[in-house]
Amino acid sequence: MTTVTHRRRTESVLSESKPIFKVIRFTVEPATEFLATADQLHQRRIKPLIVRGYADMMLRGEWTLTNDAICKDVRGRLINGRHRLSAIVLADEEMPGIAIDMLVGLNLPLDSMVATDKGAARSFGDQFMIQGEKYAHALAATINVELGFEANGDWHPPAGARATFPRFQEFLDDYPELREIIPAWSGAAKNGRFPVPVVASLWRRMSEVATEEEADDFWAGVLNGVNLYDGDPRVVLRDRVAQTKRFNQSMPRRIMIGLTVKTWNYWRAGQSVSTKSLIFRATDTVRPLS
């Protein structure tokens, strides 16, 4: 009984300590010291991909001060920020002496970790929306498709370590026309049973290798059935997608992209195509747009 009373009295004293928030410039030494105080029992495991992604942002000078604080509770245990602090340690291996400003909260209540873990991370679409972007989630999804191609040339999703919001913002700065492409094609894409990000990304790239008029004509045929002709490869693509939807199946995005790219190349070359020849398997490589 005495032990329980003593523990409660101790926790009561600790709970009276007021939280303090301040900005600290972290180098590898203080980051390591903070990490040594982590509450290993109650925290989730470190995810190397997240640490690598944060470190890359720091090395590129993209890390900015945010309101998400590195936190210690009233007992001095680190309860939030292990991934960011681990990223500083990792970044220091490649750029010795790197220093990153972080908001730090000290003397947080003992139950603050529980409240923190109930939150949900904002998606890149959410972050675009906060910035006032229209079609924010479609923008984020389209850029994700684009970065997949940039990362490996084969439209695979980008590795988690590279998919950082500053990289998404940088891509939008380089290709601001996406803000106009997405609303221009979103209605037709949905009617034609194609994901908007696939249409927007491919339209942009098709207009680069050919002309905007050719990209318009291609997608008008695929999505709306405009100006189709006998042997038109776009007819086969339309039928393939419609058949998938008819059986309530979902065509994997990369396979849809592979089929569309093949259709575009056949169409630009003036070639007819049969249903049997318009095939794309998961193990196939997406050919470049011609």
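Begin by selecting E133, which is buried, with a relative accessible area of 16%; buried means under 20%, exposed over 50% and partly exposed in between, with a 1.4 Å probe and protein chains only. The model is predicted: local features need pLDDT of at least 70 and side-chain atom pairs count only at pLDDT 80 or more, while totals for chains, interfaces and linings use all residues. Residues are numbered from 1 along each chain as its sequence is written, and side-chain values use heavy atoms, with hydrogens and water left out.

R179 forms a salt bridge with E133, and their closest N and O atoms are 2.8 Å apart; a salt bridge is a side-chain nitrogen of Lys or Arg within 4 Å of a carboxyl oxygen of Asp or Glu. Because R179 lies in helix α9 and E133 in the loop between α6 (124-130) and α7 (136-152), the pair ties together parts that are 46 residues apart in sequence. Helices (H or I, at least four residues) and strands (E, at least two) are DSSP runs, numbered from the N terminus. R179 itself is partly exposed, at a relative accessible area of 33%.

Now move to R268 and E214. These residues form a salt bridge whose closest N and O atoms are 3.4 Å apart. The pair links distant parts of the chain, with R268 in helix α13 (residues 253-268) and E214 in helix α11, 54 residues apart. R268 has a relative accessible area of 34% and is partly exposed; E214, at 26%, also counts as partly exposed.

Select D73 and R77 next. Their side chains meet in a salt bridge of 2.7 Å, N to O. D73 is buried, with a relative accessible area of 2%, whereas R77 counts as partly exposed at 24%.

A further selection is E146, R204, R205 and E208, which are linked in a network of salt bridges. In total, the structure holds 13 salt bridges.

Finally, display E177, E180, E212, E213, D216 and D217, which form a negative surface patch. Patches are made of residues with over 30% relative accessible area and no salt bridge, like charges being joined within 9 Å and nonpolar side chains (Val, Leu, Ile, Met, Phe, Trp, Tyr) within 5 Å. Helix α11 (residues 212-224) supplies the largest share of the patch, 4 residues. E177 lies in the loop between α8 (165-174) and α9 (178-191).

Of its 290 residues, 42% count as buried.

Terms used. Accessible areas come from the Shrake-Rupley method with a 1.4 Å probe; for residues, only the protein chains shown count as cover. Lys and Arg count as positive and Asp and Glu as negative; His and the chain ends are not counted. The place of a charge is taken as NZ of Lys, CZ of Arg, CG of Asp or CD of Glu.
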